[in-house]
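Me: I'd like to go through some labels in this model and hear what backs each one up. Can you take them one at a time?

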Amino acid sequence: MAVADPPQTVRYRLSLATVPASVPEARRGVRAELVERGFDADDPLTDTVLLVVSELVTNAVRHAAPRSPRTTLQLDFGAGELTVRVHDRHPHCPQRPEVPHQDGSGGWGLALVHELAALAGGLVETVADGDGGGKTMLVRLPLEP
């Protein structure tokens, strides 16, 4: 059974081409949205969110582009929590590696996302689409009252 979002949830949504130029586009859009919502550029949460967005959109570009020409970025501002969602239509659901790949082929970004979320008191989830053809990476970060 799906649970409805609380009525106070405010969403910011951006559809991006799954190409490298979308990474800075996502950062610019998220930075502008955070400023509009009253987050200072020096706020540690701003840095955390921008790094998380950069890493997750970069992962979509690097790994999902052949199967997912579009990626969706969404921020949900709820009561006491900010949720960052990055969705693509590649079926692989990555998990945090114990250690990044020793050959330098990856794993650092997802490990960083997990560390940033943990330091902020949040968490990371990977949620598969119902049809198994894509997934959403969710990062939940607490907002101070």
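Me: Are K135 and D88 buried or exposed?

Reply: Both of them are buried. Bear in mind that this is a predicted model.

Me: What makes K135 and D88 a salt bridge?

Reply: The N to O distance between their side chains is 2.8 Å. The cut-off is within 4 Å for a Lys or Arg nitrogen and an Asp or Glu carboxyl oxygen, so the label applies. The pair also links distant parts of the chain: K135 is in strand β5 and D88 in strand β3, 47 residues apart.

Me: How do you know that β3 and β5 pair?

Reply: There are 8 bridges between β3 and strand β5 (residues 135–142), in the antiparallel sense. Pairing takes at least two bridges, so these strands qualify.

Me: Why is D76 called buried?

Reply: Its relative accessibility is 4%. Buried means under 20%, so D76 gets the label.

Me: Which residues are linked with D76 in a network of salt bridges?

Reply: R11 and R85 are linked with D76 in that network. The D76 and R11 side chains meet at 3.0 Å, N to O. That pair joins distant parts of the chain, with D76 in strand β2 and R11 in strand β1 (residues 10–17), 65 residues apart. For R85 and D76, the closest N and O atoms are 2.6 Å apart. Both contacts count as salt bridges because the limit is within 4 Å.

Me: Why are R85 and R11 called partly exposed?

Reply: R85 has 21% relative accessibility and R11 has 44%.

Me: How many salt bridges does a search of the whole structure find?

Reply: The search finds 8 salt bridges.

Me: What makes you say that R37 sits over the ring of F77?

Reply: The charged end of R37 is 5.2 Å from the centre of the F77 ring. The distance limit is within 6 Å, with a further requirement of within 35 degrees of the ring normal.

Key
Residues numbered from 1 in each chain as written. Predicted model: local features only at pLDDT ≥ 70, side-chain atom pairs only at ≥ 80, totals over all residues. Heavy atoms only, no water. Helix = DSSP H or I, 4+ residues; strand = E, 2+ residues; numbered from the N terminus. Buried < 20%, exposed > 50% of the residue type's maximum accessible area, 1.4 Å probe, protein only.
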